[in-house]
Amino acid sequence: MKKLVLILISFLCITSIHAQKSFTLEDITNKGTFRARSVYALRSMNNGESYTLLKYGTKIEQFAYANGEFEQSIFNLSDIGTDKLKRIDGYQFSADERKILITTKRQNIYRHSFSAEFFVYNRDNKKLEKLSEGRQQLADFSPSGDMVCFFRKNNLFVKDLKSGKETQFTFDGKYNHIINGAPDWVYEEEFAFWQAFQWSPDGKRIAYMRFDESKVKQFNMTVFKGLNPEKKENALYPENHTFKYPKAGEENSVVSVHVYDLESKKTSTIDVGEETDQYIPRIKWTQDPKVLSVVRMNRHQNHYELLLADAKSGKTHLLYEEKNKAWIDVNDDLTFLKDNQHFIITSEKSGFNHVYLYDMKGQLVRQITKGDWEVSKYLGFDEEKKLFYYQAAALSPLQREIYSIDIKGKKTQKLSKQVGTNSANFSKGFKYFINYYSANGVPTIVTLHNAKGRLIRTLEDNKDLRKKLQEYEIPKREFFSFETSEGVKLNAWMMKPIGFDETKEYPALLHFYGGPGSQQVLDRYRFDWLEYLAQEGFVVVVVDNRGTGGRGEAFKKCTYMQIQNLEAIDLIETGKYMAKQAFIAADKIGVYGWSFGGQMSSLCMFRGADVFAAGIAVAPVTTYRYYDSIYSERYLRTPQENPEGYDNYAPIHFADQLKGKFLLIHGTSDDNVHVQNTLELAEVLVQHNKKFDMHLYTNRNHGIYGGQTRLHLFTKMVDFLKENL
């Protein structure tokens, strides 16, 4: 602990020394000059004393938690001597850790999903074998490690590793029609999962979800083929990429749940009710290999039901139920304890997100954590010591700490020591945890601790980055809060220009994301293009409006049925607050946002036309009628039920009010927020004879990156702000 404190003190002392160098946009976008190092992809071994790391994409090595010493080489490509496998993109151990499922030639599909080639390495006989021909998805070991289930061309297969026999057990999979064992686009994006099958604990059954997207409307994207480097000519005809994308109020996939029995080769259907216009966001086996849990939600996503299903008969009964006036978030916190008598959930039903313990009859045993603060992440339960571990914003919405609490909910211990943002990764068995800490102006420090929080050693202190920061004059982020005219307290931070002179007036930029449950105003290390703007003479303000996270359910869900409205009011109020500051030029205030933030910056430019002189909207949702069903309806219900909520606050319906300079930016291959949003808004602006700038990035998705794209993007935005503020 003393060493960690000395690191922090020395860093603060060092950075107080006046530095001379300035930095460039390229330092931020391409070079990663100020990017903090961390400790990634560390996997705990079963013994809880060791972990493995993938190094250089060629070898997997094992190290000791206690001292970091190298213990053994698990797998090394140079020892295999094969041309079949040249790089490791990922790996998975079997339950007994004697086999390794290796991923190579990974190709991303959407946000989470990817296809790849898979190999199985047997540590006992040192043999490496390809799982199957061609490309697959979602390869997953059985509990015994003797079989692998995988997804290919919308169907599921099982490979017996002993006999080498490959068995297909779903047959109706068809692109844009039926998906077996993987989610459709909207489930993957909005319910945040990408594997829709799971082995039973005894390995005798596979439960899977079947998505019938036959009636879901199809969306088309033009994908340009670009220049052929050999022929030095452009492809004449672009590709037309089509995929199923349910927009707000439109038909969703019909989802059913099935269980395949490997011995009988029979498939049973789980009874999820007669209603098909609903969601099945999760399936999970209980500790009983014959009982599957199924989460069922209504289309409004405010009625959560946890069902228990008999794997053979398919009959279900209700275990747990929760209703909410707004919506209920779906997560992966549901945990069935090994005693097969209890389960754990997290819920906001008290007004703040907390941990609850229930028995398998659905009766509440007790609320484990309590208070007017948020459990921001459930980290696990040590069944031997009867301790829960979690991350929380118990001291401030701007900070995160790591805690443990006993099963009685009485004894709480704060395990993290430093004030700022802490996150943790526990070893199997909960003997150790790795803490990832950063704070405003303090780059990431990664430390190893025992379960009681005692510091064992420092894994990464970013000493080189701390030294590098000495060479530059860095703008400082200063936290503050203010009250709007409606009496709402908003948290924010501000960066003043290098060489700030309070007698001068500076142009300013307001930035935000603002989406439900999100947070931008956090005590953590960040270094991005906003620092560059401050270096170039701008005051930068970042704010968390109503609807954002860390402050309880009431603050987060007050925007229900009118999303974009209260957010816009708060952001315009922030602009007015900025205009009152003597050092900010009231006629030179700009706004910038991306995605949800892009729609809000658009609204600021339209509804707040007298406040903001210039604005940038990147990949904005210009009306939720264009966006997907799950996200849009979670906060607005359907357009048929709530047309006012969709139309009264959408940026596209305020375009006639634009007065200032406006820059629209979008990637043409954005599968999430379609470029349709920007193009339709552009047309409305044109018809109102409003002058604006627009830039499209060819074949770029929602993240707009690749090659020199980010440098070009941020250079364009900086130039736009300098020219217009």
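A residue counts as buried when its relative accessible area is under 20%, as exposed when over 50%, and as partly exposed in between (1.4 Å probe, protein chains only). Arginine 152, with a relative accessible area of 17%, is buried by that rule. The structure here is a predicted model, in which local features need pLDDT of at least 70 and side-chain atom pairs count only at pLDDT 80 or more, while totals for chains, interfaces and linings use all residues. Residues are numbered from 1 along each chain as its sequence is written, and side-chain values use heavy atoms, with hydrogens and water left out. Helices (H or I, at least four residues) and strands (E, at least two) are DSSP runs, numbered from the N terminus.

**Salt bridges**

- A salt bridge is a side-chain nitrogen of Lys or Arg within 4 Å of a carboxyl oxygen of Asp or Glu, and the count by this rule comes to 35.
- Side chains of opposite charge can pair when their charged atoms come close.
- Arginine 152 pairs with glutamate 166, their closest N and O atoms being 2.9 Å apart. Glutamate 166 sits in strand β12 (residues 166-168) and arginine 152 in strand β10 (residues 147-152), so this pair ties together parts 14 residues apart in sequence. Glutamate 166 is partly exposed, at 32% relative accessible area.
- Glutamate 460 and arginine 37 form another salt bridge, with 3.1 Å between the closest N and O atoms. Because glutamate 460 belongs to strand β37 (residues 455-460) and arginine 37 to the loop between α2 and β1 (43-44), the pair ties together parts that are 423 residues apart in sequence. Glutamate 460 is buried at 12% relative accessibility, whereas arginine 37 is partly exposed at 38%.
- Glutamate 486 forms a salt bridge with arginine 546, and here the closest N and O atoms are 2.7 Å apart. Glutamate 486 is partly exposed at 45%, and arginine 546 is buried at 10%.
- Salt bridges also link Asp329, Glu348, Glu553, Lys556 and Lys557 in a network.

**Helix α8**

- Helix α8 (residues 565-579) has 15 residues and reaches 21 Å from its first C-alpha to its last, close to the expected 21 Å. The expected span is 1.5 Å times one less than the number of residues.
- Eleven of its 15 residues are buried, so α8 is largely enclosed by the rest of the structure. Among them are Leu566, Leu571, Ile572 and Met578.
- The buried residues of α8 pack against β38 (477-483), β39 (489-495), β40 (506-511), β41 (539-544), β42 (584-594) and α9 (596-607).

**A buried threonine**

- Threonine 103 lies in strand β6 (residues 99-108) and counts as buried at 10% relative accessibility.
- Contact means heavy atoms within 4.5 Å. Leaving aside neighbours within four places in sequence, threonine 103 is in contact with Arg87, Ile88, Asp89, Gly90, Phe114, Ala116, Glu117 and Phe118.
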